[in-house]
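Notebook open, structure on screen. I'm jotting down what I look up as I go.

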Amino acid sequence: MYVNEGKIDFRGNWPEAWTTIGIGKEVAKVGEWAHFAVSWDQKKVSFYFNGELDSKFDWVGPFKDTDAALAIAADPAGGDEPLNGFVDKVGMFDDALEKNEIQRAMKGLENFLPVESSGRGSTTWGEIKEYR
């Protein structure tokens, strides 16, 4: 996924076959933060712009396994079309998210953490190592 002329542009299956899955309708304004999300339920790819459905595309897949690097906010084909801006947070989920879940994610990805990290073994061990 990257931003192409201010719109969501989602492609897959690089480097085997560069497949354009869809390009969104809404355009991000220069100088304003925007939230982009893509969700796939194995039948349709849904694009969300600032928490609202932007567009839907038929896509039954597959997304092919590849050794190619995951590219976020840049076109991996040439690597010469990077986002002219900043990426604040990135989340990837095992399930397709619905509109209300996308809106919840906009309020902070920590809303999806399954457990409180405080007092857990790895957190405690990290704190011990910090004071060594």
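Predicted model: local features only at pLDDT ≥ 70, side-chain atom pairs only at ≥ 80, totals over all residues.

I started with the surface and looked for nonpolar side chains. Leu-70, Ile-72, Val-87, Val-90 and Met-92 make up a nonpolar patch there. Together these five have about 500 Å² of accessible area.

Next I picked one member of the patch, Val-87. Where is Val-87 found? I traced Val-87 to the loop that runs between strand E6 (52–58) and helix H1 (99–106). Its relative accessibility is 46%, so I put Val-87 down as partly exposed, the class between 20% and 50%.

Then I moved on to helix H1, where Lys-99 has its place. Lys-99 is partly exposed as well, because its relative accessible area is 35%. Which residues does Lys-99 contact, if I skip neighbours within four places in sequence? I noted Tyr-48, Gly-51 and Glu-52.

Is Ser-46 buried or exposed? Ser-46 sits in strand E5 (residues 44–49). With a relative accessible area of 8%, Ser-46 is under the 20% cut-off, so I wrote "buried". Leaving out residues up to four places away, Ser-46 touches Ala-37, Val-38 and Ser-39, plus Leu-53, Ser-55 and Lys-56.

The chain has a mean pLDDT of 78, and 73% of its residues reach 70 or more. Confidence is highest in E6, at 93, and lowest in helix H2 (residues 121–130), at a mean of 63.

Technical notes:
Residues numbered from 1 in each chain as written. Heavy atoms only, no water. Patch = residues over 30% accessible without salt bridge, like charges linked within 9 Å, V, L, I, M, F, W, Y side chains within 5 Å. Areas by Shrake-Rupley, 256 points an atom, 1.4 Å probe, with all protein chains shown as cover. Salt bridge = Lys/Arg side-chain N within 4 Å of Asp/Glu carboxyl O. Helix = DSSP H or I, 4+ residues; strand = E, 2+ residues; numbered from the N terminus. Buried < 20%, exposed > 50% of the residue type's maximum accessible area, 1.4 Å probe, protein only. Contact = heavy atoms within 4.5 Å. pLDDT = per-residue confidence, 0-100.
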